[in-house]
Amino acid sequence: MSESPTKPEATKPARPRPAAGRNVVRKKVVRKKVVRRKAARRGRKVTRREFPVLAVAWSVFTAAMAMGLTTVGRFLFPNVLTEPPSSFKAGFPDDFAIGVVDTRFKERFQVWIVRDEEKIYALSTICTHLGCTPNWLEAEAKFKCPCHGSGFYASGINFEGPAPRPLERVAVSLAEDGQILIDKSRLFKFEAGQWDDPASFLQLA
């Protein structure tokens, strides 16, 4: 018997291997592109959409810094240095009209000065409810607290709202030069019968 001729085995052509230097070149090219993109991002201009966000961020940062500096300043300079003195001269008795509530010293010294036909007295501007500052309403002839509606007559007596007691008086006297001397360190309460104390008012001759 004749043997059938055998076919030669098919061989796949071998793929050419890339040169070792190609990979190195590709990596360098990729790195250069990344570096260029980062450089472009750092040097690009802020768009209109991004500007409001940056503005808000800087505003918040500035406000936080200001609050921090204010807190440090208050720590370095205690309130004792900025608070008004507890006693002061308010002028001569003739400077105050009868039946008029003088509000000139409300903001700086937190007192009202009132003169009637017999005496001069000074009322604390602190509401006896929760410590708010009432306003003198000339048209209605009363002190009215804007916080919770407490009302007081010119005498300091409470008549409406949640305030449980009248306003407090502060000490009044005559200084050596004849001016009215107000001493806020001494307070007089009506409910304790302290308005009868001669130091709580200035008797007019």
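A disulfide is a pair of cysteine sulfur atoms within 2.5 Å. The legends below describe close-up views of a predicted model.

**View 1. The disulfide between Cys 132 and Cys 147.** The structure holds 1 disulfide, formed by Cys 132 and Cys 147 with their sulfur atoms 2.2 Å apart. The torsion about the S-S bond is about -105 degrees, so this disulfide is left-handed. The pair links distant parts of the chain, 15 residues apart: Cys 132 lies in the loop between S4 and strand S5 (135-137), and Cys 147 in the loop between strand S6 (142-144) and strand S7 (151-152). Cys 132 counts as buried at 17% relative accessibility, whereas Cys 147, at 39%, counts as partly exposed.

View 2. Cys 127 counts as buried at 4% relative accessibility, and Cys 145 is buried with a relative accessible area of 5%.

**View 3. The largest nonpolar core.** This core has 15 residues, and those with the most contacts inside it are Phe 88, Ala 90, Phe 105, Ile 113, Ile 180 and Ile 182. At least two residues of the core come from each of strand S3 (111-115), strand S4 (119-124), strand S9 (169-174) and strand S10 (180-188). A second, separate core of 14 residues includes Trp 112, Cys 132, Phe 152 and Ala 163. In soluble globular proteins, nonpolar side chains tend to be buried together.

View 4. Phe 88 is placed in strand S1 (residues 87-89) and counts as buried because its relative accessibility, 7%, is under 20%. Setting aside residues up to four places away in sequence, Phe 88 touches Phe 105, Phe 109, Val 111, Ile 180, Leu 181, Ile 182 and Lys 184. From C-alpha to C-alpha, Phe 88 and Phe 109 are 8.5 Å apart in space, with a separation of 21 residues in sequence.

**View 5. The surroundings of Ile 182.** Apart from neighbours within four places in sequence, Ile 182 is in contact with Ser 86, Ser 87, Phe 88, Ala 90, Ile 113, Ala 122, Val 170, Ala 171 and Val 172.

**View 6. A nonpolar surface patch.** Trp 58, Phe 61 and Met 65 make a nonpolar surface patch of about 370 Å². Trp 58 is found in helix H2 (residues 50-76) and is exposed, with a relative accessible area of 58%.

Notes:
Residues are numbered from 1 along each chain as its sequence is written. This is a predicted model: local features need pLDDT of at least 70, side-chain atom pairs count only at pLDDT 80 or more; totals for chains, interfaces and linings use all residues. Side-chain values use heavy atoms; hydrogens and water are left out. A nonpolar core is a set of buried Ala, Val, Leu, Ile, Met, Phe, Trp, Tyr and Cys residues joined through side-chain atoms within 4.5 Å. Buried means under 20% relative accessible area, exposed over 50%, partly exposed in between (1.4 Å probe, protein chains only). Helices (H or I, at least four residues) and strands (E, at least two) are DSSP runs, numbered from the N terminus. Contact means heavy atoms within 4.5 Å. Patches are made of residues with over 30% relative accessible area and no salt bridge: like charges are joined within 9 Å, nonpolar side chains (Val, Leu, Ile, Met, Phe, Trp, Tyr) within 5 Å. Accessible areas come from the Shrake-Rupley method with a 1.4 Å probe; for residues, only the protein chains shown count as cover. A salt bridge is a side-chain nitrogen of Lys or Arg within 4 Å of a carboxyl oxygen of Asp or Glu.
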